[in-house]
Amino acid sequence: MAQLKAVSSSSSLNLSVHVPKRDLFLCSNNVSFAKKSALFQELGARKSELQGDAVVSNRGNALRVHCNKGIQVVASSDKVEATKTKGLRGKLNKVVLAYSGGLDTSVIVPWLRENYGCEVVCFTADVGQGVGELEGLEQKAKASGACQLVVKDLQEEFVRDFIFPCLRAGAIYERKYLLGTSMARPVIAKAMVDVAKEVGADAVAHGCTGKGNDQVRFELTFFALNPELNVVAPWREWDITGREDAIEYAKKHNVPVPVTKKSIYSRDRNLWHLSHEGDILEDPANEPKEDMYMMSTSPEAAPEKPEYVEIGIVAGLPVSVNGEKLSPASLLSCLNEIGGKHGIGRIDMVENRLVGMKSRGVYETPGGTILFTAVRELESLTLDRETMQVKDSLALKYAELVYAGRWFDPLRESMDAFMEKITETTTGSVRLKLYKGSVSVVSRTSPKSLYREDISSFESGQIYDQADAAGFIRLYGLPMRVRAMLEKGI
C-alpha cells in the first residue's frame, strides 16, 4: 500500500509517495512511482486533507499535484503522448520494449511510434550485466521518445528460479554450453509480460535479429504467458540493414546516437556468463584474442598457488561457499570472482542454432563451471547407477528445451519435477582445487551417501561375500555364452 506524506508551507506543498522498492517504476524525471491505479486511489483519498487545490489526473502517464503556487511532479512522461492517428503499419495503444539503451533499441522507440502510433514503455531487466550498462538509461529512453522506463532487479529470481533448476538437472547443450543466454531470456520475457499488464500495454517488442535464437526464446515466453499480447519484432519488419542505417534513422528522428565505442564483438552478459561472438570468431580456425576476455584471467597468468573452495549443497542446490550461507545471486557472484581469478570456465565451441545454422561462440562461465563440477560430483555419492543414467539422458532433452526457448513448456516443467524428486538426497559438500584454468575435485561428503567403505573395501566384509560373484557372472554373461555356443555348434 502506498503511503502519502504531505508537508505544507505558505507557498507550496511538498508531496512524496513511499512504496515498496520492488513495485517502483523509474520515470523520465528520475523519480519513482508505484502501480498507477493504487497511487491515484491513495492520492484521491487524501486530496481533501491538502491545503489549496489538489488536482490529480489519471489521464496519460503524468501525475501532478497543484497546491497554492507550488507544483511537485511525482511522475512525468515529459509530455510524451500517444498519437491518436494510425501508424504506417497499424495501430497499437502501448508497447513494452525490451530496452538496453544501445543504438538498436534507441532507434526502435521512434520506429514503433512512427509505425504503430503507440506509446512506448522501455523495460530493462537487471540480470547481473553490470552497473555500467544500467547507467544513463533513463535519459536515453526519454531522449528516444519513450513515455516511461521500468527497471527491475531480477538477479535473485534469475539464479533461484532459472539457473538453479538447470544446474540441478545437469543441463548442458551440445556437451559444452551452460545455457547462459538461454536461461536469461525467459526471465526477462516473463517480467515484460508482467509489466505489460501493469501499464496496460497491448503489445511487447524486442530487438532480436531474425537470424538468432533469442527471438524464439522471447516470443515463446510471450505466447505461453499471455497469448493475447501483440508481438513486434522490428528487425523482421524494417528496412534498416546495419549500423549506418540505424544512425541515419536516429539523426532523422532527433534521437541522440550513443557515443560508446562499438565493440567488434557481439556480447551478452549476465550473472551466469559472458558470451562473445562475431569478428574473428566467425572463422572457427581463429584463436580468440586474450584481450577479448572480461570475466576471467588467462590461465597462464593465473596465480601460481592453487585455491581450495568448498561448496555446500542441499537437495541438489548450492547453499554455501566455504561454510558461509549465501543467497543464490550472492553465491554465484562470489564464485565468479574466485573462479575468474584462476581462469576457470572458458569454453570455445561451434554450436547448432535453433534456426538451423551453425555459429561459433566463446563463453566465460567461471562460477557456473565450479557449481556444475560440485553438484555432479556429489551425485556420484547419492544416486544409484540406474537413476544416474536416466537423469543424464533426460538432461540432454532438458537442455535442448531450454536452448530452444521452451522454458514454460509442460514437458520441461514435468522433467523439472522429476529432477527435483531424484535429487532430494543430494545433500553434502564438495571441496575443489582451482589452479590455472582447471577444477579438480579433492573431496566429497554426504550424510545421504550410498557409498559404504565396509562394503567397498578389499578387506573381507559381512555384507558382500566375494564368492557370490561367481553365480552373478554366470547369469549376467549367459546371453554371451549361449551365442558363442551357437557359433561353435556346441
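**Close-up views of a predicted protein model**

**Figure 1. Strand S15 (residues 317-321) and strand S16 are joined by two bridges and run antiparallel.** Val 321 has Glu 324 of S16 opposite it. The model is predicted, so local features need pLDDT of at least 70 and side-chain atom pairs count only at pLDDT 80 or more, while totals for chains, interfaces and linings use all residues. Residues are numbered from 1 along each chain as its sequence is written, and side-chain values use heavy atoms, with hydrogens and water left out. Helices (H or I, at least four residues) and strands (E, at least two) are DSSP runs, numbered from the N terminus. Two strands count as paired if DSSP finds at least two bridges between them.

**Figure 2. Five strands form an open sheet with antiparallel pairing.** Their order is S16-S15-S14-S19-S20. Strand S16 (324-325) and strand S20 (438-445) are the edge strands, each pairing on one side only. Helix H8 (residues 328-341) packs on the sheet and touches strand S14 (307-314), S15 and strand S19 (428-435). The direction of H8 makes about 70 degrees with that of S15. Here a contact means heavy atoms within 4.5 Å. Axes are lines fitted to C-alpha atoms, for helices over the stretch in contact, and angles run from 0 to 180 degrees between N-to-C directions.

**Figure 3. Ala 374 lies in helix H9 (residues 366-382).** With a relative accessible area of 0%, Ala 374 is buried. Buried means under 20% relative accessible area, exposed means over 50%, and partly exposed lies in between (1.4 Å probe, protein chains only). Leaving out residues up to four places away in sequence, Ala 374 touches Ile 311, Ile 313, Val 430 and Leu 432. Ala 374 and Pro 318 are 56 residues apart along the chain, and their C-alpha atoms are separated by 8.8 Å.

**Figure 4. Strand S8 (residues 119-126) is largely enclosed by the rest of the structure, because eight of its eight residues are buried.** Side chains in a regular strand alternate between the two faces of the sheet. In S8, Glu 119, Val 121, Phe 123 and Ala 125 point one way, and Val 120, Cys 122, Thr 124 and Asp 126 point the other way. Strand S7 (residues 94-98) runs parallel to S8 and is joined to S8 by five bridges. Ala 98 has Phe 123 of S8 as its bridge partner.

**Figure 5. Helix H4 (residues 155-169) crosses helix H5 (residues 180-199) at roughly 135 degrees, and their axes come within 10 Å.** This makes H4 oblique to H5. Angles under 35 degrees count as roughly parallel, over 145 as roughly antiparallel, 65 to 115 as roughly perpendicular and the rest as oblique. The crossing of H4 and H5 is right-handed. A crossing is right-handed if the near helix is turned clockwise from the far one by less than a right angle, and left-handed if anticlockwise. From H4, Glu 157, Phe 158, Phe 162, Ile 163 and Cys 166 meet H5 residues that include Met 183, Val 187 and Lys 190. By class, this contact of H4 with H5 has eight nonpolar, one polar and two charged residues. Ala, Val, Leu, Ile, Met, Phe, Trp, Tyr, Cys and Pro count as nonpolar, Asp, Glu, Lys and Arg as charged, and the others, Gly among them, as polar.

**Figure 6. Leu 179 sits in the loop between H4 and H5.** Leu 179 is not a glycine, yet its phi is positive, at about 65 degrees. Leu 179 counts as buried, at 0% relative accessibility. Asn 254 also has a positive phi, near 55 degrees, in a residue other than glycine. The loop that holds Asn 254 runs between helix H7 (243-252) and strand S12 (266-269). At 65% relative accessibility, Asn 254 counts as exposed.

**Figure 7. H4 and H9 cross at roughly 40 degrees, with axes that come within 9 Å.** H4 is therefore oblique to H9. Their crossing is right-handed. Cys 166, Leu 167 and Arg 168 in H4 meet Leu 371, Phe 372, Val 375 and Glu 379 in H9. The contact of H4 with H9 has five nonpolar, no polar and two charged residues.
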